[in-house]
Amino acid sequence: ALPPAPPGFVQAAQELPLARAEIDGLVERAKADAAFRTALLADLEAALAAEGVAPRPALVDLLRRRVIE
């Protein structure tokens, strides 16, 4: 049998679906509203925190890439 997954892996796996949904919402808002997009890009960490998502570096990078595309 395999050893149990590290607690951090389990927590990240549990949070990922919610984080993706929140990021999708932020990206849609950013595409629809230029002022929101500017504010979002100015402080991505605060935007994630305001949505209740821990602003982990990987999520911040994902949000930045999705908004800039």
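Helices α2 and α4 cross in a left-handed sense. That is my starting point today, and the model is a predicted one.

Let me stay with this pair. Helix α2 covers residues 34–42. The angle between α2 and α4 is about 150°, and their axes lie 11 Å apart. Angles over 145 degrees count as roughly antiparallel, so α2 and α4 are roughly antiparallel to each other. On the α2 side, the contact uses R37, L40 and L41. On the α4 side, these residues meet L63, V67 and I68. Sorted by class, this contact has 5 nonpolar residues, 1 charged residue and no polar ones.

Now the other partner of α4. Helix α1 spans residues 7–32, and α4 spans residues 57–68. How far apart are the axes of α1 and α4 where the two helices pack? The axes are 10 Å apart, and the packing angle is about 30°. Here the cut-off for roughly parallel is under 35 degrees, and α1 and α4 are therefore roughly parallel to each other. The crossing of α1 past α4 is right-handed.

As for the residues, α1 contributes A19, I23, D24, L26, V27 and A30. From α4 come L59, L62, L63, R66 and V67. This contact of α1 with α4 contains 9 nonpolar and 2 charged residues, with no polar ones.

One last point, on α4 itself. L63 and V67 of α4 take part in the contact with α1, and L63 and V67 also meet residues of α2.

How values were computed:
Residues numbered from 1 in each chain as written. Predicted model: local features only at pLDDT ≥ 70, side-chain atom pairs only at ≥ 80, totals over all residues. Heavy atoms only, no water. Axes fitted to C-alpha atoms, helices over the stretch in contact; angles between N-to-C directions. Helix = DSSP H or I, 4+ residues; strand = E, 2+ residues; numbered from the N terminus. Parallel < 35°, antiparallel > 145°, perpendicular 65-115°, else oblique. Left-handed = near helix turned anticlockwise from the far one by under 90°. Contact = heavy atoms within 4.5 Å. Nonpolar A, V, L, I, M, F, W, Y, C, P; charged D, E, K, R; others polar.
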